[in-house]
Amino acid sequence: MTPKRRVVPVFVPHLGCPNACVFCNQRRISGRSRPATPETVYKAIENIPAGLTDDIPLQLAFYGGSFTAISVSEQNALLDAAGPLLTRYKNASLRVSTRPDCIDRPTLDRLLSHGVKTVELGAQSMCRDVLEASRRGHTPEDTEAAAQLVKSSGMELILQMMTGLPADTPEKSVYTAEKLIGLRPDGVRVYPTVVIRDTALYDMWQRGEYQAHTIDDAVSLCAELRGMFDRAGITVIRMGLNPTEDLSGGDAVCGAYHPAFGELVFSRIYLMRALALLRPMGRVKSVTLGVHKKRVSRMVGHARGNIEALRRELGAFSVNVKASDAGPDEIVILSIENDP
């Protein structure tokens, strides 16, 4: 599992990306239009709050684009600009995001020499037809080979996957998760597809060639995927796109965009656990569930959605949730009354 750390983000939208994936508009996704420069890196380091200790690892992360696809001189300039971070903080390191087909041993050796500890690979899918329909420009075999190289180098490996891509199905997403688990990454990100303006996918959607999955469908699927990764002991770093003003302001036209998507998934997981606990007890008239005090809203659900779902499923007149001495992921029955 990846350790808890403080991340200093530097966005490099489309920088170096050799492909035009149907879903991608990095400016709208990241909320930034200018590619990163050494000056960007210097400013990011200067803006780190004063008084940080070495207790929690600090990592400067180059997000977006395909870092290892840009010229070596540009890569080195950005990495060199991050040098002061590595000398100032004992527990600091660097992270880069890139494509599976832009990784080889010499590249990894060079990244290591600059203090890079973590490599994120945009796998997106392990199904060949989904990658082709999404115009990814790489294969499942590229992802497998790149992942093995990163792991053998001693670096941390983060894998990204998407659900709801063109030609994708829930079954294919489950298959992708199974294949990613087999690669034993240190962490994963799960991004349900969002239709964003000024992308090929937006044009496909307007022509009726692509049907976006709904938030509810994506929440159900991601709850299942989250369970798979949890059981495999693989950290899920994020579920859903990071919210930005542009996305929330209308650039996310349809699909599974919600500024609190991850919380919706967690609430669905709690609903599934509660149903599994209560269904064997037959028809329930009223029940009070206890959860950790920090999990009450998660159990209640967005707009009390879980409460209403439990009432419907159980035929219950009353469903209540209270803070208790339950563990962080535990649900207990504090009281229950069954119909005769």
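Helix H8 (residues 170-182) packs against helix H10 at an angle of about 20°, with the two axes 10 Å apart. The model is predicted: local features need pLDDT of at least 70, side-chain atom pairs count only at pLDDT 80 or more, and totals for chains, interfaces and linings use all residues. Residues are numbered from 1 along each chain as its sequence is written, and side-chain values use heavy atoms, with hydrogens and water left out.

**H8 and H10**

Helices here are DSSP runs (H or I, at least four residues), numbered from the N terminus. Axes are lines fitted to C-alpha atoms over the stretch in contact, and angles run from 0 to 180 degrees between N-to-C directions. H8 and H10 are therefore roughly parallel (angles under 35 degrees; over 145 is roughly antiparallel, 65 to 115 roughly perpendicular, the rest oblique). Their crossing is right-handed (the near helix is turned clockwise from the far one by less than a right angle).

Which residues of H8 meet H10? They are Pro-170, Ser-173, Val-174, Ala-177, Glu-178 and Ile-181. On the H10 side stand Leu-221, Glu-224, Leu-225, Met-228 and Phe-229. Contact means heavy atoms within 4.5 Å.

**H10 and H12**

H10 also packs against H12, and here the crossing is right-handed. The two helices are roughly perpendicular, because their axes cross at roughly 70°. H10 contributes Ile-215, Asp-216 and Arg-226, among others. H12 contributes residues including Phe-261, Arg-268 and Met-272.

**H2 and H3**

Helix H2 (residues 38-46) packs on helix H3 (residues 72-81). That pair is roughly parallel, and its crossing is right-handed. Pro-38, Val-41, Tyr-42 and Ile-45 of H2 touch Ala-77, Leu-78 and Ala-81 of H3.

**Contacts by class**

Ala, Val, Leu, Ile, Met, Phe, Trp, Tyr, Cys and Pro count as nonpolar, Asp, Glu, Lys and Arg as charged, and the others, Gly among them, as polar.

| H8 and H10 | 10 Å, about 20° | eight nonpolar, one polar, two charged |

About 260 Å³ of space lies in the second largest pocket. A pocket is an open set of points on a 1 Å grid over the protein atoms alone, where a 1.4 Å probe fits, with protein on both sides within 12 Å along at least five of seven lines; lining residues have an atom within 4 Å of a point. Volume is the space filled by probe spheres set on the points, which are joined across faces, edges and corners.

There are 13 lining residues, and Asp-216, Arg-268, His-302, Gly-305 and Asn-306 are the closest to the centre. Helices H10 (215-231), H12 (261-278) and H14 (305-314) each give two or more residues to this lining. The lining has five nonpolar, five polar and three charged residues.
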